[in-house]
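Here are a few notes to read alongside the model. Have the sequence and the 3D view open while you go through them.

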Amino acid sequence: MGRAMGLAGLLLGLVVVPAVLVSTSLRHGVPWNEAEPEPSGWELAADAVPENSLWPLPQWVRTYPLQLQLAPSRFQLVHGAGSSAGPSCGLLQDAFRRYYEYIFGHSRRRTWGRRPLAARAEPELFQLQVVIEAGDPGCDRHPQLASSEAYHLTVTEPVAILKAPEVWGALRGLETFSQLVHEDDYGSFLVNESEINDFPRFAHRGVLLDTSRHYLPLKSILTNLDAMAFNKFNVLHWHIVDDQSFPYQSIYFPELSDKGAYSSNLIYTPTDVRLVIEYARLRGIRVIPEFDTPGHTQSWGKGQKDLLTPCYNGGQPTGSFGPVNPVWNTTYNFMTKFFKEISSVFPDEFIHLGGDEVDFSCWKSNPEVKEFMKKQGFGIDYAKLESYYVQNILDIVSSYKKGQMVWQEVFDHKAQLKPDTVVQVWMANNYARELSRVTGAGFTAVLSAPWYLDYISYGQDWKKYYSVEPLNFPGSEEQKKLLIGGEACLWGEFVDATNLTPRLWPRASAVGERLWSSSNVTNLQDAYNRLTNHRCRMLRRGIAAEPVFVGYCAHEARGP
């Protein structure tokens, strides 16, 4: 464990802290149950927060007083002995280059000089050795819901060791290690001897981006994938099309974007989509596409004749259209071919099929639809017609060996769901009761209702997101296990590339810690201190995260 980890280390003031860093709340003597302080007090407390505080907080952390120095010219990120991965593992090689740059590349000094002679010299850390323990490291695979993101990190001189069952855990551990390293006022890079054992509390930790209401340039999406990795998110829920525009360029049906996109320039080509998927994969992030039907489909109808339902008034067509037409066989022929493409383009095991906010008024006006309702014995219950449509789509997607995600209305309207369907709970009104019902029926759930980040307000609304306890709903232990995680959703009615990143970060960071860290990590002042520092770290890494509150970042004060 290194010389500081013996008796000498204990005498120097060894502190063992499950799920809280010695350098954050305990440093200021703040008990976990203390009432939330006034903002003015928070501002002062934040001044002293060390730059090596962690976000999200690991499950178990032990830090030691002894500091080690890293010399950029000598320090290496390497594959350790016994690792199933090696130099041929492109994913880790890419991560080593990336994290070397995060650790050293944003320094205020480009030429690293010696510290003053009066300053004491710390022992040196020469390497971080990464060891993948599984027989197949998974370097060329895509992350999945069941992938392991666990890791164990030991930082002692002269070599730190990062062990993980799979490469995905190694990526999370590299992020943690990079956060432990900090630069002092002399330009030296230091890290405390430490031991960390970490894993996520929830397997599905997502961010929803909406590229239909406003087109988001590729660069914006990639920047936010970087930010997601800094916050240990692992799912990009790509709400790629909607009523307003259809920017996805289909291989089978190019006219969908030709006529449905805002412009021929505002599209995602097959090459763009592959780039997003690969960029995400290299950061341990799954990409789940959402193609929402039968509602939210006005843009589809522009490039696909006879897909939408003609609306009627007084027995005559009005010229306007409603949701996807659920009564024509041509609808299902189109969807079969379309989802065959989507299933091959997007490698994730899940496709999000939407199913929310279906307006029945157009269906009710259409004589052909009314006749179909009569034949099917649906009466005037149009939720049954919606369920009929959804079940057909579920069957189509299932035939391509894909799992399905749906919004909660699909469950509420009693569609016959596949046992492995994931139900996303988004309605804020009594979402705990909805979680109880969904899991009580045996379905897996994802929670997003308390985390709609497109709703903005004055002040520190991150506290509201942070204070959510996802498992606070009525149900058995077995039901609680069916909640696999949550998503921070940023809908795009008022969001484009100009404000996407600052609106999302660091507010989404609060959701990230809630979904990663232990349930007992709830101290708001400690979180404020660490989040303030983490926001500054994101700034140093090129993420335009908005301020948490008043103050400044240490790297700003040091000057250029």
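1. How many of the 11 residues of strand β2 (residues 60-70) are buried? This is a predicted model, and in it 8 of them are buried, so β2 is mostly covered, given that buried means under 20% relative accessible area.

2. Now look at the partner of β2. Strand β8 (residues 189-198) runs antiparallel to β2, and 8 bridges join the two.

3. On to the cysteines. Searching the whole structure turns up 3 disulfides. Counting bonded cysteines along the chain, they follow the pattern 1-2, 3-4, 5-6.

4. Start with Cys89 and Cys139, whose sulfur atoms sit 2.1 Å apart in a disulfide. The link is left-handed, with -105 degrees about the S-S bond. Cys89 lies in the loop between β3 and α3, and Cys139 in the loop between β4 and β5, so the pair ties together parts 50 residues apart in sequence. Both Cys89 and Cys139 are buried.

5. Next, Cys311 is joined to Cys362, S to S 2.1 Å. Cys311 is in strand β12 and Cys362 in helix α10, 51 residues apart. Cys311 is buried at 11% relative accessible area, and Cys362 is buried at 5%.

6. Finally, Cys536 and Cys553 form a disulfide. The torsion about their S-S bond is about -85 degrees, so this disulfide is left-handed. Cys536 belongs to helix α19, while Cys553 is in the loop between α19 and α20. Cys536 counts as buried at 7% relative accessibility, and Cys553 is buried at 1%.

How values were computed
Residues are numbered from 1 along each chain as its sequence is written. This is a predicted model: local features need pLDDT of at least 70, side-chain atom pairs count only at pLDDT 80 or more; totals for chains, interfaces and linings use all residues. Side-chain values use heavy atoms; hydrogens and water are left out. Buried means under 20% relative accessible area, exposed over 50%, partly exposed in between (1.4 Å probe, protein chains only). Helices (H or I, at least four residues) and strands (E, at least two) are DSSP runs, numbered from the N terminus. Two strands pair if DSSP finds at least two bridges between them. A disulfide is a pair of cysteine sulfur atoms within 2.5 Å.
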